[in-house]
Amino acid sequence: MSEEKNKAAESLKAITESKELADRMGKIKHKIMVLSGKGGVGKSTVAANIAVTLALEGEKVGLLDTDFHGPSIPTLLNLEGRHPESDGKTILPIDFSEGLKVMSIGFLLQNKDDAVIWRGPMKMKVIKQLLTEVNWGDLDYLIIDFPPGTGDEPLSVAQLIPGMDGAVIVTTPQNLSLNDVKKCINFCRQLNVPVLGVVENMSGLVCPNCKMIINVFKTGGGEKMAEEMGVPFLGKIPIDPQIVEASDNGEPFVYHYGKTEAAKAFAGVVQPLLQMEGKAESGIKTVSSKEEKKEGMHKIAIPVVEGHLSAHFGHCEEFSIFDVDLENKKIIGQEKAPSPPHEPGLLPRWLAEKGVNVIIAGGMGTQAQQLFAESGITVSVGASADDPEKVIISYMNNALELGGNTCDH
Ligand code: ADP
């Protein structure tokens with residue numbers, strides 16, 4: 001064949017492939033990338049649980065794992081060693097459950113321990129082939145999991161699917177991973193991929209005994225960073241030992257532990273995705289700005305001593321902090337935070353940084369009340385030394401009885 005004929009044949013092949021890719025992607029309503037700046041922050045766990053949560057909502061979902069070097073979706077869903085079938089022209093994804101189909105590069109690698117050297121153009125070729133040939137059929141959502149960072153895989157996918165609906169970015173609260181998230185956000189902005197929001201994973205620890213959330217490290221860094229970067233914050237997922245157990249057993253966490261705080265947090269994370277389909281759960285709202293938080297959701301702190309509301313604000317052992325949906329009279333979340341060291345002016349700053357906008361206390365000095373007011377926190381004093389949850393329930397029902405200020409120093 002002459003060189004010209006060769007070129008013509010190649011360009012025809014490229015046009016046909018692009019059309020096939022466009023046709024395939026045209027059957028998928030929403031394409032979502034799940035990214036993280038660093039490895040080990042729980043990105044694949046979040047991607048898998050987003051996919052399962054959406055499938056449990058009755059959506060038709062595909063989960064695509066594009067990690068060449070450490071595909072973890074097959075392990076997370078107990079699909080290791082499975083091989084997708086092919087009809088000679090297309091590859092059929094594995095049916096995981098009602099409404100959820102899965103495809104992973106891991107299914108195509110001969111041996112997961114094989115040291116395969118993949119170079120950028122080669123990866124691009126395989127990803128293009130996956131996007132073109134995997135026959136998902138009609139889907140509501142395709143959730144795409146990537147290796148950490150902003151390398152060849154997300155770049156290829158974002159370039160190959162021009163109408164990408166958005167990216168969910170996963171981080172942990174530590175500064176180190178937060179800096180990398182900023183790179184992810186800028187990467188999305190350069191490629192015109194809307195950032196749906198940031199998820200702070202491994203934020204606080206669920207106590208295996210009492211199931212309360214203990215803040216072993218600082219939390220809230222992801223939320224603050226999201227605000228700084230002008231992107232929505234989708235919620236905090238606590239460290240829950242049951243997530244590790246479920247992952248190790250290849251069971252989807254949200255399916256088996258649907259009543260946990262972490263599963264509720266996942267339900268919050270998928271809200272903007274469900275909104276794309278005109279669906280959203282009434283009780284759970286995403287928090288995208290300070291203003292929205294004040295209107296819909298309230299963060300209420302109660303000083304606690306020996307399990308009860310502390311009559312003396314300055315002498316409490318810890319704070320019980322409740323996420324409350326006042327409109328629907330619902331407690332959405334709860335965490336306990338040990339009281340910070342005594343330093344002048346520290347408490348208002350500390351509570352404001354945690355997003356607290358209401359304090360219910362027994363007693364508090366007028367000067368302290370003024371400092372809280374300056375930080376935008378409303379204070380109710382005179383509550384009795386009750387169980388904090390009871391106090392919140394009374395508050396939500398406008399039935400909280402406030403006596404005199406039990407402390408004024
Ligand atoms: P990444 O994809 O970012 O590399 P993985 O999703 O593979 O991270 O998660 C790394 C490890 O952390 C896994 O063992 C997983 O079970 C665990 N993990 C992820 N999120 C949580 C969490 N919220 N609580 C407890 N363990 C978690």
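Visitor: How many residues surround the ligand, and which are the closest?
Guide: This is a predicted model, where local features need pLDDT of at least 70, side-chain atom pairs count only at pLDDT 80 or more, and totals for chains, interfaces and linings use all residues. Residues are numbered from 1 along each chain as its sequence is written, and side-chain values use heavy atoms, with hydrogens and water left out. A residue is near a molecule if one of its heavy atoms lies within 4 Å of it. The ligand is surrounded by 16 residues, and the closest are G40, K43, S44, T45 and N201.

Visitor: Which residue has a polar backbone atom 2.9 Å from an oxygen atom of the ligand?
Guide: A polar contact is a pair of N or O atoms within 3.5 Å. On the nitrogen side of the ligand, a backbone N or O atom of P238 lies 2.9 Å from a nitrogen atom, and one of D240 lies 3.0 Å from a nitrogen atom. For the oxygen atom, the residue is S44.

Visitor: At what angle do α2 and α11 pack?
Guide: Two packed helices are described by the angle between their axes and the distance between the axes. Helices are DSSP runs of H or I with at least four residues, and axes are lines fitted to C-alpha atoms over the stretch in contact, with angles from 0 to 180 degrees between N-to-C directions. Angles of 65 to 115 degrees count as roughly perpendicular, and α2 and α11 are therefore roughly perpendicular to each other. Their axes are 10 Å apart, and the angle is about 75°.

Conventions
Polar contact = N/O pair within 3.5 Å; in protein donor to acceptor, adjacent residues only side chain to side chain. Helix = DSSP H or I, 4+ residues; strand = E, 2+ residues; numbered from the N terminus. Parallel < 35°, antiparallel > 145°, perpendicular 65-115°, else oblique.
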